[in-house]
Amino acid sequence: MGTRKLPNKVPEQAQERPGSESKMFPKPEIIRADYQGSGKLLDRVALITGGDSGIGRAVAVHFAREGADVAIVFLPIEKDDADETKQLVNREKRQCLLIPGDIREKRFCASAVRRTVKELGKLNILVNNAAEQHPVDDFRNIAFEIVERTFQTNILSMFYLTRGALKHLKEGDSIINTTSVTSYRGSDWLVDYSSTKGAITAFTRSLGKNLAKDGIRVNGVAPGPIWTPLIPSTLESVKEFGKKTPLGRAGHPSEVAPAYVFLASKDASYITSQIIHPNGGEVVNA
């Protein structure tokens with residue numbers, strides 16, 4: 001069985017932010033039915049922000065199938081999705097710790113790391129994945145309070161979480177950051193979001209060099225159009241979403257999460273400061 005492709009025409013739909021996976025149609029594919037775990041992350045512990053739905057949920061489930069326990073960070077309003085993610089992880093016979101809170105807050109980020117280590121015993125993998133976007137067609141109408149919020153959520157939180165995590169990460173452990181294809185080609189209607197993603201790419205490359213001496217690898221994943229709750233909760237129309245890619249469609253979270261498995265595993269032991277591009281075939285500067 002291969003990946004269940006999205007239909008040629010995704011039905012129009014809209015949600016309030018931050019969006020709920022349970023309300024999406026069609027439902028995103030989280031993991032392929034024929035995905036076989038092979039113990040690549042056996043007995044590792046991962047902390048994943050935005051792990052309640054979308055790419056974060058897919059990463060959590062893939063990590064669990066590969067043998068890892070996971071802690072997921074999410075906004076309290078997203079608890080229903082987080083509960084479902086926990087059930088999916090538990091079905092893989094692994095632990096899932098739910099940590100509700102706002103990653104814009106330094107103290108919360110520090111406490112999330114501490115809770116992970118206290119309740120799951122250690123920390124080996126940090127996945128900085130949570131993000132938000134607020135489309136604006138005309139830059140003249142951009143609201144600076146939204147710009148500040150976007151930067152706080154998308155990039156500053158990575159500084160907070162990473163510094164806390166480094167108290168526990170050791171040689172052989174890894175950090176994986178979610179950037180975006182917009183980091184490379186820009187977006188006229190997501191100027192602030194694209195700017196944060198560009199910062200994440202630079203953060204990944206720079207931090208990887210900084211931590212290389214400690215044997216801690218830092219890499220990133222730059223997805224293209226992926227069918228997640230972020231899309232119906234922020235776009236006015238979804239029926240054309242992803243159609244401009246060479247493959248002619250949006251991707252499922254199941255088509256992105258294996259990149260995180262690879263980067264977190266020993267298979268990527270000689271890879272740091274790099275970005276993987278699951279984007280449907282768009283060629284960008286790597």
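**Strands E2 and E3.** I looked up how strand E2 (residues 69-74) sits beside E3, and found parallel pairing over five bridges. Strands here are DSSP runs of E with at least two residues, numbered from the N terminus, and two of them pair if DSSP finds at least two bridges between them. Val 70 stands opposite Cys 96 in E3.

**What I am looking at.** This is a predicted model, where local features need pLDDT of at least 70 and side-chain atom pairs count only at pLDDT 80 or more, while totals for chains, interfaces and linings use all residues. Residues are numbered from 1 along each chain as its sequence is written, and side-chain values use heavy atoms, leaving out hydrogens and water.

**The whole sheet.** I then traced the open sheet of seven strands, which has parallel pairing and runs E3-E2-E1-E4-E5-E6-E7. Its edge strands are E3 (96-100) and E7 (275-276), each pairing on one side only.

**A helix on the sheet.** Helix H2 (residues 79-91) packs on the sheet and touches E2 and E3; contact means heavy atoms within 4.5 Å. A helix is a DSSP run of H or I with at least four residues. The direction of H2 makes about 165° with that of E3, using axes fitted to C-alpha atoms (for helices over the stretch in contact) and angles from 0 to 180 degrees between N-to-C directions.

**A lining.** Which residue classes line the second largest cavity? I noted six nonpolar, one polar and one charged. Cavities are sets of points on a 1 Å grid over the protein atoms alone where a 1.4 Å probe fits but cannot get out, and lining residues have an atom within 4 Å of a point. Nonpolar means Ala, Val, Leu, Ile, Met, Phe, Trp, Tyr, Cys and Pro; charged means Asp, Glu, Lys and Arg; the others, Gly among them, are polar.
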